[in-house]
Amino acid sequence: MASKQPFVTSNLVIGYALCSSLLAVINKFAVSKFNYPGLLTAFQYLTSVAGVWVLGKFGFLRHDAVTLETAKKFFPAAFVFYLAIFTNTNLLRHANVDTFIVFRSLTPLLVAMADTLFRKQPCPSKLTFLSLVIILAGAVGYVATDKGFTLTAYSWAFAYLVTITTEMVYIKHMVTNLGLNTWGFVMYNNLLSLMMAPFFWVITGEYADVFAAISSSRGDLFEPVAFFSVSLSCVFGLLISFFGFAARKAISATAFTVTGVVNKFLTVIINVLIWDKHATPFGLLCLCLTLVGGVLYQQSVTKGISKSLNQPEFSLGKQLVHNSDDDTSHRDEEKGISGK
């Protein structure tokens, strides 16, 4: 039995790495073929909710029961989550995957600032500050050389950056206090988001485009390629929930973090190989610089944790680290969406 454990663990890690590295590219492909981002995310929410419910019925997992009282308490967190996914999907709709990765890599900088200003956390160490400066330098270099720069794309990028940072700082406290297990968090997050989806369809006017496509029996809704890309996106969203949570339990937090960083490099490589929707060579160099800064950031905060093991604040600090840039993959797993 013991001899099977390393084999099972390696399979979980490989499964998570493949799902995580492919998901951003798959979502970009899906939204390019199925130009209804609100409906696309609704399908993903529905798949995650149905998947968790069915697997729970068959005893493969356990999730917290859905109650109105808990739903009311969880709603603010779900609302911020929905905004993060909404801006993420629209960013992928208007920009390439490289732009998404660069802005996502900026999140530790804003989270560190928010924690220092609003949560009264200690100022970053010298190594942490250096890593944040490297991330910022890489991002600035990428933006300055981005030939695909458009006001619409970068408006969504900044909106995504604000919402994802808000989510990391705020939702962690909300979810921790509710005491939900991981699959319960997945269920509430996706179920409440699914219920909010029609409201955003009306606000954005997407419902009119969808109804027009249905009435004319033409458009993205009825193309085989669009159906395949949406289905693939939904399946991978559910798979990353399973592999991500299972891998997190099977390996150490540091190993999981390293896997998350490597995933981003794999995403860049895959994105370059499969199509031409990527940055210039110098832009890719700047992108790699932001990822190197992410590696240094993880090293700095990991060292910070090891020094505070015997302090009461350790558990809170560990939760904060898990919500940093390279562990935002944990958030992606809970959402069943990419690349948030």
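Tutor: Gly38, Leu39, Ala42, Tyr45, Leu46, Ser48, Val49, Val52 and Trp53 of helix 2 meet Trp183, Val186, Met187, Asn190, Leu191, Ser193, Leu194, Ala197 and Trp201 of helix 8, where contact means heavy atoms within 4.5 Å. The model is predicted, so that local features need pLDDT of at least 70 and side-chain atom pairs count only at pLDDT 80 or more, while totals for chains, interfaces and linings use all residues. Residues are numbered from 1 along each chain as its sequence is written, and side-chain values use heavy atoms, with hydrogens and water left out. Helices are DSSP runs (H or I, at least four residues), as strands are (E, at least two), numbered from the N terminus.

By class, the contact of helix 2 with helix 8 holds 14 nonpolar, four polar and no charged residues. Here Ala, Val, Leu, Ile, Met, Phe, Trp, Tyr, Cys and Pro count as nonpolar, Asp, Glu, Lys and Arg as charged, and the others, Gly among them, as polar.

Two packed helices are described by the angle between their axes and the distance between the axes. Axes are lines fitted to C-alpha atoms, for helices over the stretch in contact, and angles run from 0 to 180 degrees between N-to-C directions. The axes of helix 2 and helix 8 lie 9 Å apart at an angle of about 150°. Helix 2 is therefore roughly antiparallel to helix 8; angles under 35 degrees count as roughly parallel, over 145 as roughly antiparallel, 65 to 115 as roughly perpendicular and the rest as oblique. The crossing of helix 2 and helix 8 is left-handed, a term used if the near helix is turned anticlockwise from the far one by less than a right angle, with right-handed used if clockwise.

Helix 3 (residues 68–94) also packs on helix 8 (residues 182–204): their axes come within 8 Å and cross at roughly 60°. Helix 3 is therefore oblique to helix 8, and the crossing is right-handed. Helix 3 contributes Thr70, Ala71, Phe74, Phe75, Ala77, Ala78, Phe79, Phe81, Tyr82, Leu83 and Phe86 to this contact, and helix 8 contributes Phe185, Tyr188, Asn189, Leu192, Ser193, Met196, Ala197, Phe200 and Thr204. These residues comprise 16 nonpolar, four polar and no charged.

Helix 2 (residues 37–57) and helix 3 complete the trio, their axes coming within 10 Å and crossing at roughly 125°. They are therefore oblique to each other, and the crossing is right-handed. On helix 2 the contact involves Pro37, Leu40, Thr41 and Tyr45; on helix 3 it involves Phe81, Tyr82, Ile85, Thr89, Asn90 and Arg93. The contact of helix 2 with helix 3 has six nonpolar, three polar and one charged residues.

Of its 340 residues, 52% count as buried, that is, under 20% relative accessible area, with exposed over 50% and partly exposed in between (1.4 Å probe, protein chains only). Among contacts with a separation of 6 or more, 87% come from residues 24 or more positions apart. Val210 is found in helix 9 (residues 206–216) and counts as buried because its relative accessibility is 12%.
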